[in-house]
Amino acid sequence: MSIKKILIFGAGVIGSVYAGKLALAGHSVSVLARNKRLTELQLNGLLLSENGKDVIKAAVAVISELKTGDIYDYIFITLRKDQLKDALSLLAQNQSKNFVFMVNTAEGYSDWIGKIGLERVIPAFPGAGGKVENGIVYYSLTPGFVQPTTLGEINGNISQRIIELAKILKNAGFPTSISNKMDSWQKSHVAMVCPLAYGIYFDGGNNYTLAKNKIAIIQMNKALKETFSFIKDSGIGVEPPKLNLFRIAPLWLLNFVMPFVFNTKWAETVISNHALAARSEMEMLFNDFNLLAKDKGFNLTELKKLNPR
């Protein structure tokens, strides 16, 4: 496969992981960073540690601005949703053809399309989590059977660029899946992450304290069953279908299993770290998801109990 010129727009955990692994796979990768993270990358380079292994350095170019004439084969947008609004106008001025949005959303893609153009937008979602500590990105990839890196065209077609991009990501070491229902996939993802994150907020601690809090676990699981029932009954559709387990599993079974899930390093890396570091994004997603439900005639009472304010 030919070497691709790739820009990672955003240098947090997700952007750093994808930049590093794509660079290590031989692609020409630039990272756009700001503030403290820009300084870290300029001084020390992109440093990664996967699953606690030795720290490695990936060769990437570091930039602080995106110019209109800087053309890339793919631009990955790896920002939190609450960071995206200001970036869209800047991205729209660039003439590259493929913008890969690795961004949480329950609102669909109209804002992205309005700024970037339908033919340039590729919805996607990462399969990784971790934290940045002393300039080093400590991360884990999400197992493919749980949540691979997922991407697809808005119209559901399996286009040549989607096939190519999936190969690029797989060759870089990311478990990868193509979805022909990305809007349903992303709404289903928000249906999952809102109860999980707000379960942690309801508990007031982290994944480990939540695992010991029976009241919080029960309420979180009631909310999970409710959000996925809404996704199914509203006609949005649960994607991937395996997530229907949250809807059809008996409450007692979820109450038994979820404490074990949360009492793990994996839950800390993939769920808790992001929930605690990105509360403003989660609040936006929580509000957007409840508005989506209201627009379709549903009231998510169990989810709202996790956020009684």
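This is a predicted model: local features need pLDDT of at least 70, side-chain atom pairs count only at pLDDT 80 or more; totals for chains, interfaces and linings use all residues.

Residues are numbered from 1 along each chain as its sequence is written, and side-chain values use heavy atoms, with hydrogens and water left out.

**Exercise 1. Describe the surroundings of Thr176 and of Ser234.**

Solution. 
Step 1: Locate the residues. Thr176 belongs to strand S12, residues 176–178; helices (H or I, at least four residues) and strands (E, at least two) are DSSP runs, numbered from the N terminus. Ser234 is placed in the loop between H8 and H9.

Step 2: Classify the burial. Buried means under 20% relative accessible area, exposed over 50%, and partly exposed in between (1.4 Å probe, protein chains only). Thr176 has a relative accessible area of 14% and is therefore buried. Ser234 is also classed as buried, because its relative accessibility is 19%.

Step 3: A polar atom of the Thr176 side chain lies 2.7 Å from the backbone oxygen of Phe174. The Ser234 side chain reaches the backbone oxygen of Phe230 at 2.8 Å.

Step 4: List the contacts (heavy atoms within 4.5 Å). Neighbours within four places in sequence aside, Thr176 is in contact with residues including Pro148, Leu151 and Leu169. With residues up to four places away not counted, Ser234 touches Lys296 and Phe298.

**Exercise 2. Determine how many salt bridges the whole structure holds, and examine individual pairs.**

Solution. 
Step 1: Apply the criterion. A salt bridge is a side-chain nitrogen of Lys or Arg within 4 Å of a carboxyl oxygen of Asp or Glu. The search of the whole structure finds 14 salt bridges.

Step 2: Consider a pair within a helix. Arg37 and Glu40 form a salt bridge whose closest N and O atoms are 3.0 Å apart. Both residues lie in helix H2 (residues 35–44), 3 residues apart, which is about one turn of the helix.

Step 3: Consider Asp82 and Arg80, whose side chains meet in a salt bridge at 3.4 Å, N to O. Asp82 is partly exposed because its relative accessible area is 27%. Arg80 counts as partly exposed because its relative accessibility is 27%.

Step 4: Consider Glu239 and Lys181, a salt bridge with its closest N and O atoms 3.8 Å apart. This pair links distant parts of the chain, 58 residues apart: Glu239 is in the loop between helix H8 (214–233) and helix H9 (245–248), and Lys181 is in the loop between S12 and helix H6 (182–203). Glu239 is buried, since its relative accessible area is 15%, whereas Lys181, at 44% relative accessibility, is partly exposed.

Step 5: Identify a network. Salt bridges link Lys81, Glu107 and Asp288 in a network.

**Exercise 3. State which residues make the nonpolar surface patch of about 560 Å².**

Solution. 
Step 1: Recall the rule. Patches are made of residues with over 30% relative accessible area and no salt bridge; like charges are joined within 9 Å, and nonpolar side chains (Val, Leu, Ile, Met, Phe, Trp, Tyr) within 5 Å. Accessible areas come from the Shrake-Rupley method with a 1.4 Å probe; for residues, only the protein chains shown count as cover.

Step 2: Name the members. They are Trp252, Leu253, Phe256, Val257 and Phe260.

Step 3: Check one member. Val257 lies in helix H10 (residues 251–262) and has 34% relative accessibility, so Val257 counts as partly exposed.

**Exercise 4. Describe the backbone at Pro240 and at Asn134.**

Solution. 
Step 1: Most residues other than glycine have a negative phi, and most peptide bonds are trans.

Step 2: Examine Pro240, found in the loop between H8 and H9. The peptide bond from Glu239 to Pro240 is cis, with omega near -10°.

Step 3: Examine Asn134. Its phi is positive, near 55°. Asn134 lies in the loop between strand S9 (128–133) and strand S10 (136–141), and is exposed because its relative accessible area is 74%.

Methods: A polar contact is a pair of N or O atoms within 3.5 Å; within protein, one must be able to donate a hydrogen and the other to accept it, and residues adjacent in sequence count only if both atoms are side-chain atoms.
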